[in-house]
Amino acid sequence: MHIDPLEKKWAHISLAIAGLFVGTILIDSLFHGINAPSNVETINSARLHLSKEFAEDKLGVQVDENGKIMVRMVAGRYGFFPKHIEIPAETPITFRWASIDVLHGVHMPMTNMSTMIVPGYVSEVTTAFPKPGEYPLLCNEYCGMGHDHMWSNVSVEAKETWLAPAITKTEETGDES
Ligand code: CUA
């Protein structure tokens, strides 16, 4: 089969670009801990306030019997609730997010804490923050007129000075409805 040399050249360039993208994704996932969101877990967004896991009194930072730190937060127009949390640095922390209304995103600048929060699904991210400091939580998916003002605060405290909340009994996650 005859292929025009110019066409061949462009075929090589497009293959090289595709290879570059695949390489970038591989390097990010292997060395920078960047993963595709893959926690396919459904929840009834309209009944979050009645759910076992995302009822108002269950939100925030919790530590279980094994010392595992879990943060549950709800995203809604226009904020992340609770508005402020305190977590320790250099400690693995699992975040679980649910939206009460539309699609939101959550991003903590200068960290790898970033995910979409899709209504009807629970987003889960496990990460650790090496540096103590005050971090904003920003919404990075356009969700309406107040999108620009949708943010909350996270205080990452030095491991030694962080005051752990009382231990919470492990409960089945998920929503019965
Ligand atoms: Cu929530 Cu933009």
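Which residues do ring pairs link into a cluster? They are Phe80, Phe95, Trp97, Phe129 and Tyr135. Bear in mind that this is a predicted model.

**Aromatic rings**
- Searching the whole structure turns up four aromatic pairs.
- One of them is Phe95 with Phe129, an edge-to-face pair with 6.1 Å centre to centre and 80° between the planes.
- Phe95 sits in strand β5 (residues 93–99) and Phe129 in the loop between β8 (123–127) and β9 (133–138), so this pair ties together parts that are 34 residues apart in sequence.
- Phe95 is buried, at 1% relative accessibility, and Phe129 is buried too, with a relative accessible area of 1%.
- Phe129 also pairs with Tyr135, this time tilted, at 6.5 Å centre to centre and 35° between the planes; both of these residues are buried.

**Surface patch**
- Trp10 belongs to helix α1 (residues 5–31), and its relative accessible area of 55% makes it exposed.

- Strands β1 (residues 60–63) and β2 (residues 69–76) run antiparallel and are joined by four bridges.
- Gly60 faces Arg72 in β2.

**Cysteines**
- The whole structure has zero disulfides.
- Cys139 is buried at 9% relative accessibility, and Cys143 is buried at 6%.

Terms used:
Residues are numbered from 1 along each chain as its sequence is written. This is a predicted model: local features need pLDDT of at least 70, side-chain atom pairs count only at pLDDT 80 or more; totals for chains, interfaces and linings use all residues. Side-chain values use heavy atoms; hydrogens and water are left out. Helices (H or I, at least four residues) and strands (E, at least two) are DSSP runs, numbered from the N terminus. Buried means under 20% relative accessible area, exposed over 50%, partly exposed in between (1.4 Å probe, protein chains only). A disulfide is a pair of cysteine sulfur atoms within 2.5 Å. Two strands pair if DSSP finds at least two bridges between them. Rings of Phe, Tyr and Trp (its six-membered ring) pair if their centres lie within 6.5 Å; planes under 30 degrees apart count as stacked, over 60 as edge-to-face and the rest as tilted.
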